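Student: I have a model open and would like to understand the words used to describe it. Could we go through them one at a time?

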Amino acid sequence: YMNRWLKEYPRLGFKILKSKKVKIDDKMGFLIDLVHEDKKKQLRQVVFVKKQNAIILTCRDQAASFRETVKDCNQIIRNFSWLN
């Protein structure tokens, strides 16, 4: 699923900076860092899948200030938990 999805980003004008599997606490996820050079936006997405459900957490900011924004983004991602 993720490999197919990753092919879509360049078509939308995004450059993939990094993509990798991650383990956050006991949750496995997939992290994607992107930049849209024309719009000067940078994004971090983390996808978590559990059974038949997926959640995508997305943080976005101006590329110039993303280094600071990503700290808050990472804190939100670390605090994510599935509701039963």
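Tutor: Let us start with helix α3 (residues 66–78), which lies across β1, β2, β3 and β4 and runs at about 15° to β3. This is a predicted model, in which local features need pLDDT of at least 70 and side-chain atom pairs count only at pLDDT 80 or more, while totals for chains, interfaces and linings use all residues. Residues are numbered from 1 along each chain as its sequence is written, and side-chain values use heavy atoms, with hydrogens and water left out.

Student: What makes residues 66–78 a helix, and what does the angle of about 15° to β3 refer to?

Tutor: Helices (H or I, at least four residues) and strands (E, at least two) are DSSP runs, numbered from the N terminus, and α3 is the run at residues 66–78. The angle is taken between N-to-C directions on a scale from 0 to 180 degrees, using axes fitted to C-alpha atoms, for helices over the stretch in contact, where contact means heavy atoms within 4.5 Å.

Student: How do you know that β2 and β3 are paired?

Tutor: Two strands pair if DSSP finds at least two bridges between them; β2 (residues 27–36) and β3 (residues 41–50) are joined by 8 bridges and run antiparallel, so they meet that definition. One example is Gly29, whose bridge partner in β3 is Phe48.

Student: How many bridges join β3 to β4, and how many join β1 to β2?

Tutor: There are 10 between β3 and β4, including the one from Val47 to Ile56, and 9 between β1 and β2, where Ser19 has Ile32 as its partner.

Student: What is the order of the strands in the open sheet, and why do β1 and β4 stand at the edges?

Tutor: The order is β1-β2-β3-β4, with antiparallel pairing. Because β1 (15–24) and β4 (53–62) each have a single partner strand, one side of each is left without a neighbour in the sheet. From one strand to the next, the twist averages 15°.

Student: Why is Asp33 called buried?

Tutor: Buried means under 20% relative accessible area, exposed over 50% and partly exposed in between, with a 1.4 Å probe and protein chains only; Asp33 has 6%, so it is called buried. Asp33 lies in strand β2.
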